[in-house]
Amino acid sequence: MSRGVPGGEEAHEHGVDELCEGGERAYAKALREGRITRSDTREAMCLVSLGLLHPDPDRLDEYVPTLPGSALSRSLRDLSVALEDVRKRMSAVGGVAERFAGFETREVPPTGVIRVLEGKRRIRAVIAEEADRCVSEHVGIQPGGIRTSAVLEDALPLALGMAGRGVRMRSLYTHVARHGQGVLAYLEQVGALAEARTLDEVPERVVMFDRTVAFVPASPDRELALEIRNEAVIAYLYGVFECMWRVAVPLGDTLPAVSGADGFTHRERVIAALLAEGHTDAGVAERLGINVRTCRAHIAKLAEVLGSSSRVELGVRIARAGLDSPPRSTGLGAESP
């Protein structure tokens, strides 16, 4: 530290814990002559940092030396003051620790943060804890196809617990989930507080409780998840859910069989729109919750009716036929943990 002296640290690179050869020569000269010019100390600014030289207020282009004993006394005094500040701080913290040592505290979930959870067992455990705390509303987006009995059985105790506390539960699935009886049976057991609607496709899984915490996957294999307690992010996710909920089809309503006079089913029109966006067969199948073989059968029908012989040509004909945007469902209308 050069204390504002021109050329200080830039011209003198070693630390303040040592006195260089040039510094020794300059200090000896200052002691002999009672002062030293700035130009003679340009390469020995360690003297200023160590308090061995200080500016002469009457001659701003010169320094005067501090006697070694005085410099040592000043350094010891500064160190003593610093140590006293540390001692006072440690004493204050120690006093607080002693007074509150007997208090039992409950871990409070952090707010305004995003935490990474690792391992499916850990993720399920944390979600279960939040389900037990939930008091007003739970919403979830469940991608994939038909829900297995094992998944629904695992979720049922949490849902029943929330229903017993009067928690409203809403879940979004893909239309494919309608082909199994598990979701309907699940909703019947949970009761009127649980609702489900379906869409042609839904994004990745989202689980939210009381609009205060949300969970989303953080890796394709779902071994990592994000626990989100950031108010702005949760508000955004909840807004997305509400938009999807308004256009989704209640589970008890019939799906539109055909979207238009072109003869394509609603699902085939959705597949056409996804292909136009550049998704692969496997990507389309995953988003709709169907297997790749079924998806390719629909694609084959699209190619046959539109008269295309290649994937590139199919994309062009999809656009020409006006099938490159998803159809709108006409209906409106929780196995989320």
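This is a predicted model: local features need pLDDT of at least 70, side-chain atom pairs count only at pLDDT 80 or more; totals for chains, interfaces and linings use all residues.

Angles here run from 0 to 180 degrees between N-to-C directions, with axes as lines fitted to C-alpha atoms.

**Entry 1: helices on strands**

With that settled, I looked up helix α5, residues 120–133. Helix α5 lies across β4, β8, β9 (213–217) and β10 (224–228), and its direction makes about 130° with β4. Next was helix α8, residues 231–247. The list of strands for α8 runs β5, β6, β7, β8, β9, β10 and β11, and the angle to β6 is about 65°.

**Entry 2: whole chain**

I stepped back for the totals. I count twelve helices and eleven strands in the protein chain. The chain has 337 residues, and 40% of them count as buried. Its accessible surface is about 19300 Å², with 55% of that belonging to carbon and sulfur atoms.

**Entry 3: the eight-stranded sheet**

What is the order of the strands in the open sheet of eight? I read it as β4-β10-β9-β8-β5-β6-β7-β11, with mixed pairing. The edge strands are β4 (114–118) and β11, each of which pairs on one side only.

I then took β5 (residues 137–141) pair by pair. On one side, four bridges tie β5 to strand β8 (residues 206–209), and the two run antiparallel. Within that pair, glycine 140 stands opposite valine 207, and isoleucine 141 stands opposite valine 206. With β6, β5 pairs in the parallel sense over five bridges. Histidine 138 has methionine 169 of β6 as its bridge partner.

Strand β7 (residues 194–199) is mostly covered, with five of its six residues buried. Six bridges join β7 to β6 (residues 168–174), and this pair is parallel. To get from β6 to β7 the chain goes through helix α7 (residues 182–190), and I noted the β-α-β crossover as right-handed. Arginine 170 sits opposite glutamate 195 in β7.

β7 also pairs with β11 (residues 249–250), this time antiparallel and through two bridges. Threonine 198 stands opposite valine 249 there.

**Entry 4: the three-stranded sheet**

There is an open sheet of three strands as well, ordered β1-β3-β2 with antiparallel pairing. β1 (36–37) and β2 (53–56) are at its edges with a single partner strand each, so one side of each has no neighbour in the sheet. I found four bridges between β2 and β3 (residues 59–65). Aspartate 56 faces arginine 59 in β3.

**Entry 5: a helix pair**

How do α9 and α11 cross? The axes of α9 (residues 266–276) and α11 (residues 292–306) come within 10 Å, and the crossing angle is roughly 85°. I therefore logged α9 and α11 as roughly perpendicular to each other. From α9, Arg267, Glu268, Ile271, Ala272 and Leu275 take part in the contact. They meet Thr294, Cys295, His298, Ile299, Lys301 and Leu302 in α11.

**Entry 6: two single residues**

Is serine 308 buried or exposed? I find it in the loop between α11 and α12 (311–320). Its relative accessibility is 12%, so serine 308 counts as buried. Leaving aside residues up to four places away in sequence, serine 308 touches Ala303, Glu313, Leu314 and Arg317.

Last, I looked at glycine 161 in helix α6 (residues 149–164). At 28% relative accessibility, glycine 161 is partly exposed. I also looked up arginine 133, which is 28 residues from glycine 161 in sequence and 10.0 Å from it in space, C-alpha to C-alpha.

Notes. Residues are numbered from 1 along each chain as its sequence is written. Side-chain values use heavy atoms; hydrogens and water are left out. Buried means under 20% relative accessible area, exposed over 50%, partly exposed in between (1.4 Å probe, protein chains only). Accessible areas come from the Shrake-Rupley method with a 1.4 Å probe; for residues, only the protein chains shown count as cover. Two strands pair if DSSP finds at least two bridges between them. A crossover is right-handed if, with the strands pointing away from the viewer, the path from the first strand over the helix to the second runs clockwise. Contact means heavy atoms within 4.5 Å. Angles under 35 degrees count as roughly parallel, over 145 as roughly antiparallel, 65 to 115 as roughly perpendicular and the rest as oblique.
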